[in-house]
Amino acid sequence: MNSESGHSRAEGADRVLVVEDEPALAKVVANYLAREGFHVRIAHDGPTAVAAAHDFGPSLVVLDLMLPGFDGMEVCRRIRSFSDAYILMLSARGDESDKVAGLAAGADDYVVKPFGPRELVARVKALLRRPRASSLMPEPLPTPDGLDIDLIARTVRVDRTPVDLTPTEFELLTALAARPDAALSRSDIITAVWGSSWFGDQHIVDVHIRALRRKLGDDATDPRFIRTVRGMGYALRSS
């Protein structure tokens, strides 16, 4: 069942879709978001969530991993096929393998249950404050042979083959490409991609780098594009 919060803001407010199969928790999260001025809709299962994302056009989706119908991973993949909304995944499981799977499916951030509603609202706000692409004509980015980044079309190709990246993966790659060969710390990357107001576990950078490398066909032990700088962070090769 779909439902909308009664505390919506004026036209133009950011829209948040809350997908959670526990009605009480979904209502608490939705009410906290609505009090902060967001326009909120709730869905309690996988198929309804995908339909709501089509109809509602959210700026961000708060998505529980365990859902009836089909799970959050499948919801994430299906939403990613037609929307670039930010996706904040929720799960009672905190293993890194689960985080990797969720982020690889297209999520932008990951929160482990139990969590405080205020913390969740802060994470939602941090995602929505992330730097957006400039409306000005961007300068071409220097990239290593075989890797092409089109900032206007927001597309990436490896050896002329298109690579399907999430918005976060694209922004992470362009942040590295903006400073070729420079070793960027996790903190540098978080500021460039998530914004200076973001808070949370900085190892989210490592999880996104793993997903990005997998899509680029890059081997961490013998990197063609992204190299690990031990004790520091990551760098994109310039050639």
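Guide: Arg-123 counts as buried, at 8% relative accessibility. The cut-offs are these: buried is under 20% relative accessible area, exposed is over 50%, and partly exposed is in between (1.4 Å probe, protein chains only). This is a predicted model, in which local features need pLDDT of at least 70, side-chain atom pairs count only at pLDDT 80 or more, and totals for chains, interfaces and linings use all residues. Residues are numbered from 1 along each chain as its sequence is written, and side-chain values use heavy atoms, with hydrogens and water left out.

The partner of Arg-123 is Glu-119. Their closest N and O atoms are 3.6 Å apart, and the contact is a salt bridge (a side-chain nitrogen of Lys or Arg within 4 Å of a carboxyl oxygen of Asp or Glu). Glu-119 is partly exposed, at 31%. Both residues sit in helix H5, 4 residues apart, about one turn of the helix. Helices (H or I, at least four residues) and strands (E, at least two) are DSSP runs, numbered from the N terminus. Salt bridges with shared partners also make one network of Glu-20, Asp-64 and Lys-113. By the same rule the count comes to 13 salt bridges.

Helix H5 (residues 117-128) also holds Lys-125. The side chain of Lys-125 meets that of Glu-36 in a salt bridge, 2.6 Å from N to O. This pair links distant parts of the chain, 89 residues apart. Glu-36 lies in the loop between helix H1 (23-35) and strand E3 (39-43). Glu-36 is partly exposed, with a relative accessible area of 39%. Lys-125 is partly exposed too, at 26%.

Strand E3 brings in another pair. Arg-41 forms a salt bridge with Asp-55, with the closest N and O atoms 2.7 Å apart. Arg-41 lies in strand E3 and Asp-55 in helix H2 (residues 46-56), so the bridge ties together parts 14 residues apart in sequence. Arg-41 is buried, at 9% relative accessibility. Asp-55 is exposed, at 56%.

Two arginines sit over rings. A charge counts as over a ring if NZ of Lys or CZ of Arg is within 6 Å of the ring centre and within 35 degrees of the ring normal. Arg-35 lies over the face of Tyr-32, 4.7 Å from the ring centre. Arg-78 lies over the face of Phe-70, at 4.2 Å. Aromatic pairs come to a count of 0. Such a pair needs rings of Phe, Tyr or Trp (its six-membered ring) with centres within 6.5 Å; planes under 30 degrees apart count as stacked, over 60 as edge-to-face and the rest as tilted.

Now the sheets. Strands E7, E8 and E9 form an open sheet in the order E7-E8-E9, with antiparallel pairing. Neighbouring strands here are turned by 30° against each other on average, direction ignored. Axes are lines fitted to C-alpha atoms, for helices over the stretch in contact, and angles run from 0 to 180 degrees between N-to-C directions. Strands pair if DSSP finds at least two bridges between them. Strand E8 (residues 155-158) is joined to E9 by 3 bridges. Val-158 stands opposite Thr-161 in E9.

Another open sheet has 3 strands in the order E10-E12-E11, again antiparallel. Strand E10 (184-185) and strand E11 (226-229) each have a single partner strand, so one side of each is left without a neighbour in the sheet. Between E10 and strand E12 (residues 233-236) there are 2 bridges. Ser-185 stands opposite Gly-233 in E12. E11 and E12 pair over 4 bridges, and Arg-227 faces Ala-235 in E12. E11 and E12 make a hairpin with 3 residues between them. In its turn, Gly-231 has a positive phi of about 75°.

Helix H6 (residues 167-177) lies across E7 and E8, at about 110° to E7. H6 also lies across E10, E11 and E12, at about 75° to E12.

Last, the whole chain. The protein chain has 8 helices and 12 strands. Of its 239 residues, 50% count as buried. Among contacts (heavy atoms within 4.5 Å) between residues at least 6 apart in sequence, 62% join residues at least 24 apart.
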